[in-house]
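Please read them with the model open.

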Amino acid sequence: MTPAALLVRREIATALRARWFAAYAAIFLLSGLLLAAVGGGDALIAGYRGFARAFAGLVHLALLFVPLMALLPATAAIADERESGALEYLLAQPVTATEVYLGKWVGLAAALGLALTVGFGAAGAVAVARGVPPGLLAVLFGQVVLLALVFVAIGLGLSALTTSRARATTVAVVVWLGLVALGTLGILIAFIRWGAPAWALTVWTFVNPIEAFRLGVVSALDPDLSLLGPAGARIVDRVGPYGTNALAALSLALWALVPGLAGLAVFSRPK
Amino acid sequence: MIAPLALALLQAAVLTVGPTGAFRTVTAALAAAAPGDTIRVAAGVYREHPVLTTPVVLIGEPGAILDGGLAGTLLRVEAPATIRGLTFRRSGRLQAEEHAGILAERADGLVIEDCRFEEVLFGIYIKESHGVIIRHNEIIGKDFPVALRGDGIRLWSSHDGRVEDNHVARVRDLVIWFSNGTVVRGNVVRDSRYGLHFMYSRDNRFEDNAFLANHVGAFIMYSQNITFRNNLFAAARGTTGRGLGFKDSDGITAERNVLVKNAVGLSLDNSPTTAGVRNAFRDNLVAYNDVGVLLLPSVHSNDFVGNAFRDNLVPVRVTGGGTAQRNQWKGNYWSDYAGFDENRDGVGDTPYRYDRLSDDLLARHDELRLFAVSPATTALDLLSRVLPLLAPEAIIVDSAPVLQAPRADAPPRGSRPVGILLAVGLTVGAGAAAWRLRRPFGRAA
């Protein structure tokens with residue numbers, strides 16, 4: 001094994017041995033199963049199934065918890081070892097800082113991906129048994145994984161940029177709150193009170209990874225975005241249903257790379 | 001009385017059209033026919049545009065096709081005939097000339113049944129003909145963008161007609177305008193713009209129809225005494241998607257209909273419009289719509305009794321915000337009702353109340369609907385629960401919500417073994433991989 005591969009394996013093993021991994025997998029498993037089982041997607045009326053509430057529930061579950069669960073171990077990744085002194089020891093070995101950082105990144109992503117697969121795989125089985133199209137589930141699962149990667153990148157970036165774990169965690173929670181609720185509420189207030197232009201709402205929806213994820217999920221379920229009113233109609237009119245999905249995925253992909261790369265740039269800077 | 005009838009029947013001749021028949025073309029047979037005659041058209045393709053001016057029975061044997069060659073109207077009818085079993089194919093495409101499969105004018109008592117229409121602009125166009133029967137036809141429009149298509153069936157100023165058991169697909173609308181006393185029963189209209197486009201008509205009945213995947217299922221305007229019973233309105237999506245809509249209409253009775261998976265299930269605009277008149281919505285199932293019932297703010301005097309509202313993202317919304325309490329909501333089933341029934345009489349002990357701050361905002365500001373099912377709007381609702389200061393006015397209050405949905409749902413359909421195996425495999429596989437990867441350098445180390 002090359003040093004880089006060894007580092008990745010070490011990070012995966014560390015993540016999997018941590019209690020958070022088992023806890024997250026269990027939480028995903030239980031909540032996913034519960035939603036799939038009782039989520040209202042069970043009844044068949046006139047040949048149609050009700051996904052709406054079940055998926056609104058799933059979207060919320062994913063939006064609230066997946067980011068948090070990705071953020072917390074990611075913010076700890078570097079800051080923790082820096083505080084305990086393990087990082088200095090590791091960097092004294094014949095590996096580059098870039099290799100150490102990338103090892104952590106890949107390891108965390110892989111571990112989180114496994115936890116999500118355990119949880120949503122079982123929920124997916126229940127959902128498929130209840131008639132949800134497997135292709136749709138695959139698209140949704142892909143978006144959930146992408147969302148997790150976004151917050152791994154944000155957490156890891158913060159971990160590299162800050163000096164202590166406490167600070168990294170604090171900043172991460174603030175970022176999470178801002179993206180999940182406060183930012184959107186701010187935009188809502190700006191629109192209602194100060195007449196912010198409607199396009200700003202749309203831009204925010206694509207720029208904020210949480211909202212981009214929601215847009216992708218809604219678009220997968222309802223390609224003409226009729227749920228989203230005139231703004232949804234304009235989006236589909238401009239870029240089409242595939243364009244909507246592609247833009248949302250692009251936004252997520254950028255978020256999954258840029259913060260992590262920023263952290264890498266700082267971390268691998270010669271000291 | 002029997003004698004002249006028998007005499008007429010005896011005198012009625014049967015004229016045959018076809019390669020081996022007495023006539024080569026339908027046009028020639030029609031020219032020769034006397035009132036009461038029967039014309040039988042043998043299998044074959046007839047490229048002509050006949051005009052029917054004598055009251056005859058025109059029967060197509062299987063495989064008898066009138067082909068318009070993509071020009072003009074296929075058959076003009078100006079007498080009360082019976083037309084049965086013919087296929088009408090490839091009409092012209094000009095909206096200005098209203099090219100149709102059959103265009104009937106002043107043909108009271110006309111019967112059109114068991115016919116098939118393919119690639120026609122308009123299918124059956126009836127003008128000023130009363131007591132017409134249109135039964136068991138299949139109409140498929142041209143493969144044009146919806147704005148360039150014609151209407152599958154159009155009843156124009158034609159009273160007391162019956163439209164039954166037709167299957168209409170890929171047309172613009174099914175139109176009934178200025179026509180009273182029509183019965184529309186057992187039809188399927190799909191993949192079109194308006195499944196039913198209905199104006200200025202009284203005393204009409206709609207039963208057992210299915211309106212599927214149209215832009216709008218049925219829209220009723222400026223009409224009185226309309227009954228909808230046992231109809232299915234499904235999958236009307238898009239920004240303007242509505243299962244069933246009413247504008248300026250009085251005396252509506254809608255019973256036992258199913259409105260499912262539409263952008264808006266039922267929409268009401270200024271209906272009822274006359275003081276003292278009430279509309280009744282009873283025992284309908286409103287399920288899986290983005291919005292179950294959408295009301296304009298001024299709408300009042302509608303009675304919603306015994307309906308089941310199931311898993312709509314928003315059960316009731318008032319455009320522009322505000323309350324729908326000027327209508328009666330009583331004894332409905334609400335799948336999101338969170339009350340209880342201690343005395344077990346099947347009726348919830350506390351009223352069902354729908355008031356959501358986020359939904360109030362979304363109703364007031366159309367643009368904010370962009371944030372439907374966003375965690376931010378959910379946070380807002382939590383906030384309004386914690387801080388009653390922010391609690392909005394109730395959109396509706398049902399004083400006696402029932403706890404059991406009145407209509408039994410069909411059981412879930414069979415499973416899909418491959419998908420399930422795959423999903424279970426994912427879980428087990430990922431779990432096993434995680435277990436192994438925990439020990440990166442092997443037991444021996």
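1. A cut-off first, since later points rest on it: a residue is called buried under 20% relative accessible area and exposed over 50%, with partly exposed in between. By that scale Arg229(B), at 24% relative accessibility, counts as partly exposed. The model is a predicted one.

2. Overall form of chain B. The chain holds five helices and 41 strands. Its radius of gyration is 28 Å, whereas the globule rule gives 22 Å for 445 residues; chain B is therefore more spread out than a compact globule. Along the principal axes, its C-alpha atoms fill a box of roughly 95 × 75 × 45 Å.

3. Burial and surface of chain B. Buried residues make up 54% of the 445. The chain exposes about 18800 Å², and carbon and sulfur atoms supply 57% of that area. Taking contacts between residues at least 6 apart in sequence, 52% join residues at least 24 apart.

4. Charges. Side chains of opposite charge can pair when their charged atoms come close. Over all chains, the whole structure has 40 salt bridges.

5. Arg106(B) and Glu128(B). These side chains form a salt bridge, with N to O at 3.6 Å. Arg106(B) sits in the loop between strands S10 (100–105) and S11 (111–113) of chain B, and Glu128(B) in the loop between S13 (122–127) and S14 (133–135), so the pair ties together parts 22 residues apart in sequence. Arg106(B) counts as exposed because its relative accessibility is 54%; Glu128(B), at 36%, counts as partly exposed.

6. Glu207(B) and Arg229(B). In this salt bridge the closest N and O atoms are 3.3 Å apart. Glu207(B) belongs to strand S23 (residues 202–207) and Arg229(B) to strand S26 (residues 224–229) of chain B, so parts 22 residues apart in sequence are tied together. How accessible is Glu207(B)? Its relative accessibility is 12%, so Glu207(B) counts as buried.

7. Asp359(B) and Arg317(B). Their side chains meet in a salt bridge at 2.7 Å, N to O. Asp359(B) is in helix H3 (residues 357–364) and Arg317(B) in strand S37 (residues 314–318) of chain B; the pair therefore ties together parts 42 residues apart in sequence. Both Asp359(B) and Arg317(B) are buried.

8. A salt-bridge network. Salt bridges with shared partners join a set of residues into one network; among its members are Arg84(B), Glu113(B), Arg135(B), Glu207(B), Arg229(B) and Arg282(B).

9. Helix H3 of chain B. Which parts of the model cover the buried residues of H3(B)? Seven of the eight residues of H3(B) are buried, including Leu357(B), Asp359(B), Leu361(B) and Ala363(B). The cover includes helix H7 (165–194) of chain A, along with S37, strand S40 (352–354) and helix H4 (375–386) of chain B.

10. His197(B). This residue is in strand S22 (residues 194–199) of chain B. His197(B) has 10% relative accessibility and so counts as buried. Leaving aside residues up to four places away in sequence, His197(B) touches Asp173(B), Leu174(B), Val175(B), Ile176(B), Trp177(B), Phe219(B) and Met221(B).

Note on methods:
Residues are numbered from 1 along each chain as its sequence is written. Chains are lettered from A and ligands numbered from 1 in the order in which they are written. This is a predicted model: local features need pLDDT of at least 70, side-chain atom pairs count only at pLDDT 80 or more; totals for chains, interfaces and linings use all residues. Side-chain values use heavy atoms; hydrogens and water are left out. Helices (H or I, at least four residues) and strands (E, at least two) are DSSP runs, numbered from the N terminus. The radius of gyration is taken over C-alpha atoms; the globule rule is 2.2 Å times the number of residues to the power 0.38. Buried means under 20% relative accessible area, exposed over 50%, partly exposed in between (1.4 Å probe, protein chains only). Contact means heavy atoms within 4.5 Å. Accessible areas come from the Shrake-Rupley method with a 1.4 Å probe; for residues, only the protein chains shown count as cover. A salt bridge is a side-chain nitrogen of Lys or Arg within 4 Å of a carboxyl oxygen of Asp or Glu.
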